[in-house]
Amino acid sequence: MPPTPPDHPPAESSASRRVIPGFCGLCKSRCGSRMVVEDGRLVAQLPDPAHPTGRAQCVKGRAAPELVYDPQRVLHPLLRTRPKGDADPGWREISWDEAFDRIARTLGRIRDESGAEAVAFAIATPSGTPIADDVRWIERLANAFGSPNVANGTEICNWHKDFTHQHTFGRGIATPDFAHSRCIVLWGHNPRDTWLNNALSIAAARKRGARVVVIDPRKAGFAADADLWLRVRPGSDGALALGAARMMLARGWFDAAFLRDFSNGPLLVRSDTGRFLRADELALPPAGAGADDFVSLSANGTAIACRRGTRTAGGAGPDPLLAAGIELELAEGRRVRCDTAHALFEQACAPYTPERVAELCWIEAGQVEQFARLLHEASPAVSYYCWAGVCQHTNATQTDRAIATLMALTGSFDAPGGNVAFTPPPANDASGKALLGAAQRARCIGLARSRLGPARLGLVGSDALWDAILEREPYAIRALVGFGRDFLLNHADAERAAKALAALEFCVYADLTLTPTAALADLVLPICTPWEREALRVGFEGSQAAESWVQLRPAAIAPLGESRPDAWVVFELAQRLGLGEHFWDGDLEAGLAHILAPLGLSLDELRAHPGGLAHPAATRYRKYLDEGFDTPTGRIELYAETLLAHGAAPLPDFVEPADSPLTAADAAFPLVMTTAKLRHFRHGQDRQAPSLRRHTPEPAVHLHPDAARARGIAEGDAVRLRSAHGSIRLRARFDDTLDARVVWVEYGWWQPAGPGTADGYDALSEDGANYSRLVSDHRVDPVSGSQPLRSGLCEIEPVLGR
Ligand SMILES: Nc1nc2c(c(=O)[nH]1)N[C@H]1C(S)=C(S)[C@@H](COP(=O)(O)OP(=O)(O)OC[C@H]3O[C@@H](n4cnc5c(=O)[nH]c(N)nc54)[C@H](O)[C@@H]3O)O[C@H]1N2
Ligand SMILES: Nc1nc2c(c(=O)[nH]1)N[C@H]1C(S)=C(S)[C@@H](COP(=O)(O)OP(=O)(O)OC[C@H]3O[C@@H](n4cnc5c(=O)[nH]c(N)nc54)[C@H](O)[C@@H]3O)O[C@H]1N2
Ligand code: SF4
Ligand SMILES: [Mo]
């Protein structure tokens with residue numbers, strides 16, 4: 001079918017004023033937009049109602065001109081001429097030619113001497129920066145160069161929802177089908193401030209009667225008018241999920257037929273090995289069983305063979321029991337106790353009574369039943385999204401497992417109103433995964449820590465990276481090629497980050513500004529904002545209409561100064577590194593055409609429709625009926641043998657965060673601290689835009705007035721916040737909706753003074769406000785490597801003066 005041209009407002013133009021359809025590249029929402037240019041200057045970004053994500057623009061999108069014409073932007077390649085650590089780096093403007101020559105020469109030498117793995121790459125977040133436009137090319141460069149060490153922060157951002165979720169469902173979390181949901185659960189996710197387009201969809205669903213549950217220590221976003229707001233203690237979410245699951249199981253509020261047919265609940269697990277019983281391990285295998293078949297039990301106690309992914313070995317036959325246990329004779333003569341995975345899951349949930357959940361999570365016991373009831377009443381039209389609130393903890397893997405298995409009970413997987421894998425437009429992946437061979441992949445520095453974590457995709461956490469640079473463990477990383485990624489602000493332990501970056505033989509950073517991280521580089525490359533470059537996007541997010549949308553966003557204006565898109569930098573650099581053959585000999589257009597080939601769309605067609613085209617596709621619900629689940633058992637995994645094989649709990653398990661007020665030996669830090677995003681800033685960005693900065697001129701810690709009074713702190717006072725790791729200065733802001741034992745802290749502060757704003761904040765000083773200084777990177781989630789950015793302990797005291 002040919003793509004459908006949309007009904008866009010005509011691209012207006014006059015000699016001096018042009019309105020160009022586009023989309024805002026700043027965050028995951030990717031709101032369809034109209035870019036207004038007057039006399040060659042970007043003057044506004046407005047919504048584009050004809051675009052499936054274009055209903056509105058947030059304050060950041062509207063601040064586009066301020067971000068483009070930010071006087072702090074780097075507009076020329078810069079070379080450090082004085083040693084690191086010198087107060088004056090002696091930046092010298094150099095040509096792109098000289099910059100590329102230096103980079104190619106140095107990286108080539110290090111690759112020859114130590115192997116490509118001695119060069120690590122870093123990439124800013126595609127969910128909170130427009131690097132999403134070009135991230136495929138940066139990944140391709142790392143793959144083609146041969147580096148298995150890419151730090152993209154996934155472990156503290158999307159890893160759990162997108163990859164840990166695979167251990168339960170065989171895929172990452174799918175898109176909430178907001179339009180048909182009867183209950184929407186926002187779990188550690190606040191789309192009102194972080195994902196405008198989805199927030200609008202939720203508001204519309206709410207209007208038509210959908211219930212909303214918010215699980216958040218803060219009364220933020222939809223929590224204010226939710227049907228249920230669960231004010232959990234930071235880091236305790238796993239206990240809540242297990243408690244809600246226990247309640248649903250006890251009340252019979254779950255989809256038993258769905259679990260019987262599509263989860264591994266009915267499969268028997270051996271008590272001696274913890275592994276699924278295989279038919280050929282039995283003295284008397286069930287009739288017709290294949291060697292690798294799993295085993296379940298029928299109501300009369302006979303063993304039934306269960307082939308991977310299918311309901312029973314033959315399809316027909318008696319129904320397997322969900323909750324059952326039995327002693328069986330093995331081929332080797334011994335008898336062994338076996339219980340179904342479902343029975344073991346029940347046992348894992350059993351300790352989490354409402355009273356226990358109330359103690360652990362600091363919510364009311366009765367709320368557990370309210371939550372379970374809301375899920376049950378709306379099933380299977382229950383959708384959910386869990387994100388940053390539950391992933392930045394040392395227990396994030398198990399929390400994700402607990403949430404995923406709870407949601408499996410509703411039977412909502414890929415059902416209308418549940419989380420649905422909408423049909424994407426067909427396109428080629430250009431990230432070049434195949435360019436990195438198995439031998440290079442095996443050299444990823446993170447693999448020794450966890451084979452199930454991001455390292456299995458060649459991704460590394462900052463803690464592993466600093467160990468490799470500073471301790472040469474497991475080998476030395478000598479150079480870093482950074483595209484954004486402001487380690488000093490957004491990862492734990494800024495001091496260690498700074499020490500490691502300064503210790504590198506060579507560091508090049510491509511960024512828009514001289515962030516504290518980029519300022520430690522040898523060479524800085526100026527990147528342009530999204531309005532200064534073209535961007536291909538195949539598929540937006542949030543609905544079938546959005547997922548079907550294909551757009552080649554035009555550049556609204558020419559790049560300022562000598563700034564350039566990441567894609568251009570990558571293609572030029574690839575040529576100089578002798579990797580041109582993997583980059584269409586430097587022809588970016590050919591690369592883009594490669595992505596589009598399966599769609600049958602040309603760049604010219606897309607250029608003729610700058611607002612985008614709908615590639616018609618129908619939603620298919622419940623695809624598992626045909627395709628099963630991409631898990632080892634071919635079913636939803638309540639019990640995950642893969643986790644067991646790697647030393648992790650096979651059943652969801654609640655583990656206290658590494659720093660816990662319930663077990664803390666040191667009473668010096670009685671408050672639990674967490675963080676959250678602000679609507680008007682992205683991480684360490686955006687403070688330089690006056691229209692955004694005026695909302696929050698200074699960084700703050702938000703605390704309950706009782707907690708403040710007990711410490712002699714008044715609203716607006718300057719305070720010092722201390723953790724066992726470090727201390728920073730902030731303003732105290734009161735919030736009486738918080739638990740008095742919990743505070744939340746704004747993060748990402750470093751910017752120098754802008755017009756009409758306070759002083760800048762030194763990212764490495766205790767007189768600054770960098771949250772990273774409060775958190776150690778020594779204890780991380782054992783599977784994913786996630787850092788405890790959201791479950792720390794602290795104390796707050798007034799600061800005299802200021
Ligand atoms: N304005 C803005 N939008 C953004 C970004 C941005 O920086 N600014 N960044 C983008 C990126 S990269 C991401 S990952 C997304 C993230 O999007 P969200 O996940 O919505 O972002 P956060 O505000 O970090 O966290 C969500 C909520 O988790 C709560 N929370 C804190 N600790 C806990 C806890 O222990 N348990 C629970 N249940 N909740 C907790 C916080 O109070 C917060 O309201 O946003 C994207 N959009
Ligand atoms: N305490 C605390 N820490 C957190 C979080 C939290 O909630 N609390 N959230 C975590 C999360 S979810 C994430 S994703 C990370 C984000 O961590 P980072 O990705 O480091 O986030 P930013 O500071 O937004 O952006 C990094 C840099 O990218 C640059 N940049 C912007 N656009 C482009 C571009 O197009 N190309 C290039 N080359 N550079 C660009 C920006 O100028 C900025 O310097 O932070 C994590 N850190
Ligand atoms: S929510 Fe705001 S910043 Fe994000 S894409 Fe939309 S307009 Fe841009
Ligand atoms: Mo993120």
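Where is the place of Trp584? In this predicted model, Trp584 is found in the loop between H21 and helix H22 (588–596). The backbone there is marked by a positive phi of about 50° at Trp584, which is not a glycine. Trp584 is partly exposed, with a relative accessible area of 23%. Asp493 occupies the loop between helix H18 (487–490) and H19, and with a relative accessible area of 6% it is buried. Most residues other than glycine have a negative phi, and most peptide bonds are trans.

Cis peptide bonds were also found. The bond from Ser379 to Pro380 is cis, with omega near 0°, and Pro380 belongs to the loop between H13 and E17. The bond from Glu473 to Pro474 is likewise cis, with omega near -5°. Pro474 is placed in the loop between H17 and strand E19 (479–483).

The largest nonpolar core holds 66 residues, of which Val185, Trp187, Leu240, Phe371 and Leu406 touch the most other members. Helix H9 (residues 237–251) is the element that gives the most to this core, contributing 9 residues. Apart from this core lies another, of 55 residues, including Leu79, Val150, Leu459 and Ala510. Beyond its neighbours within four places in sequence, Leu240 is in contact with Trp187, Ile215, Leu230, Val232, Val357, Cys361, Ile363 and Phe371.

Two of these partners of Leu240, Ile215 and Leu230, are bridge partners of each other, Leu230 being in E11. Strand E10 (residues 211–215) runs parallel to E11 and is joined to it by 3 bridges. Both strands belong to an open sheet of 4 strands with parallel pairing, in the order E11-E10-E9-E17. Strand E11 (228–230) and strand E17 (382–386) form the edges, each pairing on one side only. From one strand to the next the twist averages 10°. H9 lies across strand E9 (183–187), E10 and E11, and runs at about 150° to E9.

H9 also packs against helix H13 (residues 366–378). Two packed helices are described by the angle between their axes and the distance between the axes. The axes of H9 and H13 come within 9 Å and cross at roughly 65°, and the crossing is right-handed. On the H9 side, Leu240, Gly243, Ala244, Met247, Met248 and Arg251 take part, meeting Val368, Glu369, Phe371, Ala372, Leu375 and His376 of H13.

A search of the whole structure gave 59 salt bridges. In one of them, Lys28 pairs with Glu541, the closest N and O atoms being 3.2 Å apart. Because Lys28 lies in the loop between strand E1 (17–23) and strand E2 (32–38), and Glu541 in the loop between strand E22 (535–538) and helix H20 (544–547), the pair ties together parts that are 513 residues apart in sequence. Lys28 is buried, with a relative accessible area of 12%, whereas Glu541 is partly exposed at 23%.

Asp101 and Arg576 form another salt bridge, with the closest N and O atoms 2.9 Å apart. This pair links distant parts of the chain, since Asp101 is in helix H3 (residues 96–114) and Arg576 in helix H21 (residues 566–576), 475 residues apart. Asp101 is partly exposed, with a relative accessible area of 38%, and Arg576 is also partly exposed, with a value of 31%.

The salt bridge between Arg496 and Asp467 has its closest N and O atoms 2.9 Å apart. Arg496 lies in helix H19 (residues 494–503) and Asp467 in helix H17 (residues 462–471), so this pair ties together parts that are 29 residues apart in sequence. Both Arg496 and Asp467 are buried. Elsewhere, Arg270, Asp272, Glu281, Glu332 and Arg334 are linked in a network of salt bridges.

Definitions and conventions: Residues are numbered from 1 along each chain as its sequence is written. Chains are lettered from A and ligands numbered from 1 in the order in which they are written. This is a predicted model: local features need pLDDT of at least 70, side-chain atom pairs count only at pLDDT 80 or more; totals for chains, interfaces and linings use all residues. Side-chain values use heavy atoms; hydrogens and water are left out. A nonpolar core is a set of buried Ala, Val, Leu, Ile, Met, Phe, Trp, Tyr and Cys residues joined through side-chain atoms within 4.5 Å. Buried means under 20% relative accessible area, exposed over 50%, partly exposed in between (1.4 Å probe, protein chains only). Helices (H or I, at least four residues) and strands (E, at least two) are DSSP runs, numbered from the N terminus. Contact means heavy atoms within 4.5 Å. Two strands pair if DSSP finds at least two bridges between them. Axes are lines fitted to C-alpha atoms, for helices over the stretch in contact, and angles run from 0 to 180 degrees between N-to-C directions. A salt bridge is a side-chain nitrogen of Lys or Arg within 4 Å of a carboxyl oxygen of Asp or Glu. A crossing is left-handed if the near helix is turned anticlockwise from the far one by less than a right angle, and right-handed if clockwise.
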